[in-house]
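Biologist: Please walk me through this one, and tell me how you use your terms as you go.

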Amino acid sequence: MTIQFTALPTEDVRALQRGGPDAYGQTPERKISDGDGMPCRHCLRNIAAGDVYLILAYRPFPNPQPYAETGPIFLHAQECERAAGAGLPPEILDSPDYIVRGYGSDDRIVYGSGGVIPTQAIAARAETLFEREDIAYVHVRSARNNCYQCRIERA
């Protein structure tokens, strides 16, 4: 089986870059990057020092429900190219480890699927999770702050 690391949909990102409301109905905040730890969830690259970026609340689920976590993310303020779905972890995954957790087709956490996984083992962990029929997709989240990083899907 092959997997792909998936960025946020371009249509969602463009609306936010144009000042559309975030998951809490707020206008995204604009800041200037110092180049340290500002991962764009659309191009899946780090935001360079001096570039303007957005901070906003994002809910990577189609509908509100008890398992639909909402949290802070960063995006380039200027339009950037969406990362192509690739089988290798993207540039933004540069911490030593991440939470990797499976979700069902109902967009709810599949209990027993989550764990803190070393970065170099994320792809293998996702492959193992996708052997289960009850796993529809996987989230990669910060192990320190639980921030959404990207989604992994079956290719």
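Modeller: Let me start with accessibility: I call a residue buried under 20% relative accessible area, exposed over 50% and partly exposed in between, with a 1.4 Å probe and protein chains only. This is a predicted model, in which local features need pLDDT of at least 70 and side-chain atom pairs count only at pLDDT 80 or more, while totals for chains, interfaces and linings use all residues. Residues are numbered from 1 along each chain as its sequence is written, and side-chain values use heavy atoms, with hydrogens and water left out.

Biologist: Salt bridges, then: how many does the structure hold?

Modeller: There are eight, counting a side-chain nitrogen of Lys or Arg within 4 Å of a carboxyl oxygen of Asp or Glu.

Biologist: What does Glu69 pair with, and how far apart are the closest N and O atoms?

Modeller: Glu69 forms a salt bridge with Arg141, and their closest N and O atoms are 3.5 Å apart. Glu69 sits in the loop between β3 and β4, whereas Arg141 belongs to strand β7 (residues 137-142), so this bridge ties together parts that lie 72 residues apart in sequence. Helices (H or I, at least four residues) and strands (E, at least two) are DSSP runs, numbered from the N terminus.

Biologist: Is Arg141 buried or exposed?

Modeller: Arg141 is buried, with a relative accessible area of 4%, whereas Glu69 is partly exposed at 24%.

Biologist: And which residue meets Asp97 in a salt bridge?

Modeller: That is Arg144, at 2.5 Å from N to O. Here too the pair links distant parts of the chain, with Arg144 in the loop between β7 and β8 (148-154) and Asp97 in strand β5, 47 residues apart. Arg144 counts as exposed because its relative accessibility is 53%. There is also a network of salt bridges that links Arg14, Arg18 and Glu79.

Biologist: Changing topic, in what order do the strands of the open sheet come?

Modeller: Five strands form it, in the order β1-β8-β7-β5-β6, with antiparallel pairing; two strands pair if DSSP finds at least two bridges between them. At the edges are β1 (3-6) and β6 (115-118), each of which pairs on one side only. From one strand to the next the twist averages 35°, where axes are lines fitted to C-alpha atoms (for helices over the stretch in contact) and angles run from 0 to 180 degrees between N-to-C directions.

Biologist: How many bridges join β5 to β7?

Modeller: Six, and the two strands run antiparallel; within that pairing, Gly102 has Val138 in β7 as its bridge partner. On its other pairing, β5 is joined to β6 by four bridges, again antiparallel, with Tyr98 opposite Ile117 in β6. Four bridges likewise join the antiparallel β7 and β8, and His139 stands opposite Arg151 in β8.

Biologist: How many residues of β5 are buried?

Modeller: Six of its seven residues are buried, so β5 is largely enclosed by the rest of the structure.

Biologist: Which residues touch the most other members in the largest nonpolar core?

Modeller: Of its 20 residues, they are Phe5, Leu93, Ile122, Phe130, Val138, Val140 and Ile152. By a nonpolar core I mean a set of buried Ala, Val, Leu, Ile, Met, Phe, Trp, Tyr and Cys residues joined through side-chain atoms within 4.5 Å. Two or more residues come from each of β1, β5, α2 (122-129), β7 and β8, and α2 gives the most, with three. Apart from this core lies another of 16 residues, among them Val13, Leu16, Ile73 and Leu75.

Biologist: What is Val140 in contact with, leaving aside its neighbours within four places in sequence?

Modeller: Its partners, with heavy atoms within 4.5 Å, include Phe5, Leu93, Tyr98, Ile122, Tyr148 and Ile152.

Biologist: Last one: how many aromatic pairs are there?

Modeller: Five, where rings of Phe, Tyr and Trp (its six-membered ring) pair if their centres lie within 6.5 Å, and planes under 30 degrees apart count as stacked, over 60 as edge-to-face and the rest as tilted. Tyr58 and Tyr148 have ring centres 6.4 Å apart and planes at 40°, so that pair is tilted. Tyr58 is in strand β3 and Tyr148 in strand β8, so the pair ties together parts 90 residues apart in sequence, and both residues are buried. Tyr103 and Tyr137, by contrast, have centres 5.4 Å apart and planes at 10°, so they are stacked.
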